[in-house]
Amino acid sequence: MSVKSALLEIASRRELDLRTPEPNNPAGSAASGAIRHSAVALILRFKPGKEGSRMSSDMKVTSLEEFFAQDWVCDHNAEILFIKRSTRETDRWSGHVALPGGRRDIEDESDLVTAKRETLEEVGLDLDKYALYVGPLNQRYVTVHWGGRIIMILCTYVFVLTTPAPVPLTLQTSEVALAFWSPIAAIANPEAQCRFVRSIDGVANEILIRPLRELLKWCVGSLLFPGIKMPENIAYGEEVTTYPSMIMWGLTHSIVTDLLDIISPDTKDRRPRLPIASQWDTRLVSELLGKSYFEKTVGHMQQSIWKPRLDGKLVGYIIDRYYSSFKIAVTTVAILRCSIGSAIGINIMIKVIARLRK
């Protein structure tokens, strides 16, 4: 499927946007019992493929069909706007590769309005002026401590820039350190798929006492999250810009993977989606326990993702099942390691005692 076909499919979902109903206080704090809403904008631009046609300043594209009818639009030259967040101790996503967006304010009429407002504030891009709204991607929720309590619902909205000319960006430096466009072809390249190594210390320090923390680190090692190496050299026309080495992972990786699944459904099984342990035995047990998860759940993700459930829980319950298997795997490995260690220790003690008696 081409990028054009994928965008047309996303646009068709606007009428089937089965999202978690927006709460009375979408900007409320988790302490008040309300689940916060956040929204991000996934913005695409198409580098001109032909020089013959240019949009006049008074021309307004109102549909994807009108947009793709222009002869300067090249389906193979699609790029996504990413940002690198500024480094701040108070920011959970400090320094991450991300999409423009943020938390919903009490004044925002909808999550879509939030995505537009945050984009304007963070990178100075007026989406109402320069872009066409395509439709929503899968709604996700953020939980605490490996599939625990829901603390945030994340909504993603797709936009397409309607002008062939580069749109200047003005960064909010307190929030954004860098903004850059990355070709979809480079992101989808199998060679760009990688793992982002993250220490287990952050989660362990928050929820466990020291002995259990050390046991968890012993069994898990580090967490290896699926990621994508961002291209370091990006060209627009004759201009080539070099960026530092960066890896996209976490929520942004999940969102981009959703888009790539629509563009290339035949290759979605080849893209890593879930974190794994660096310790081989924990990884092996979690994969064995999660076998039914991979076969039954991930394989039907696209069909079930847009269907409402009786308990009102939409996207996100899938990853919970994996984390349940992961927790069982850690416990199983801890028991096995302790049992094997105890057996070896007892065997050594028996041999030592036997020698002392001789």
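Reply: Start with pLDDT, the predictor's confidence in each residue, from 0 to 100. The structure is a predicted model, in which local features need pLDDT of at least 70 and side-chain atom pairs count only at pLDDT 80 or more, while totals for chains, interfaces and linings use all residues. Residues are numbered from 1 along each chain as its sequence is written, and side-chain values use heavy atoms, with hydrogens and water left out.

The mean pLDDT of the chain is 78. Of its residues, 75% reach 70 or more. Helix H3 (residues 111-123) has the highest mean pLDDT among the elements, at 95. Helix H11 (residues 301-304) has the lowest, at 39. Below 50 is where the pLDDT stays over residues 297-318. In the model this stretch still has 44 contacts beyond near neighbours in sequence. A contact means heavy atoms within 4.5 Å. Where pLDDT is low, the predicted coordinates should not be read in detail.

Now the overall count. The chain has 12 helices and 14 strands. Helices (H or I, at least four residues) and strands (E, at least two) are DSSP runs, numbered from the N terminus. The chain has 358 residues, and 45% of them count as buried. Buried means under 20% relative accessible area, exposed means over 50%, and partly exposed is in between (1.4 Å probe, protein chains only).

The part to look at is strand E1, residues 36-46. How many of its residues are buried? The count is 11 of 11, so E1 is mostly covered. Its side chains point two ways. Arg-36, Ser-38, Val-40, Leu-42, Leu-44 and Phe-46 point one way. His-37, Ala-39, Ala-41, Ile-43 and Arg-45 point the other way. Both sets are buried.

Next come the partners of E1. Two strands pair if DSSP finds at least two bridges between them. E1 pairs with strand E7 (residues 150-161). The two run in the parallel sense, over nine bridges. Within this pair, His-37 has Ile-153 as its bridge partner in E7. Further along, Leu-44 is partnered by Val-160 in E7.

E1 also has antiparallel partners. One is strand E4 (residues 101-103), joined over three bridges. There, Ala-39 has Gly-102 as its bridge partner. Another is strand E2 (residues 78-85), again antiparallel and again over three bridges. In E2, Ala-78 is the bridge partner of Phe-46.

Thr-114 lies in helix H3. Its relative accessibility is 0%, so Thr-114 counts as buried.

E7 is largely enclosed by the rest of the structure, because 11 of its 12 residues are buried. Pro-136 stands opposite Tyr-157 in E7. Strand E6 (residues 140-143) is antiparallel to E7 as well, over four bridges. Here Val-142 meets Met-152 of E7 as its bridge partner.

For comparison, turn to helix H8, residues 251-263. H8 has 13 residues and reaches 19 Å from its first C-alpha to its last. That is close to the expected 18 Å. The expected span is 1.5 Å times one less than the number of residues. Of the 13 residues, 12 are buried, so H8 is largely enclosed by the rest of the structure. His-253 lies in H8. At 3% relative accessibility, His-253 counts as buried. Beyond its neighbours within four places in sequence, its contacts include Gln-193, Pro-226 and Ile-228. Ile-228 is 25 residues away along the chain, yet the C-alpha atoms of His-253 and Ile-228 are 7.3 Å apart.

Back to the whole chain. Take contacts between residues at least 6 apart in sequence. Of these, 73% join residues at least 24 apart. And the disulfides? There are zero in the structure. A disulfide here is a pair of cysteine sulfur atoms within 2.5 Å. The sulfur of Cys-338 is 7.0 Å from the closest cysteine sulfur, in Cys-219, which is too far for a bond.
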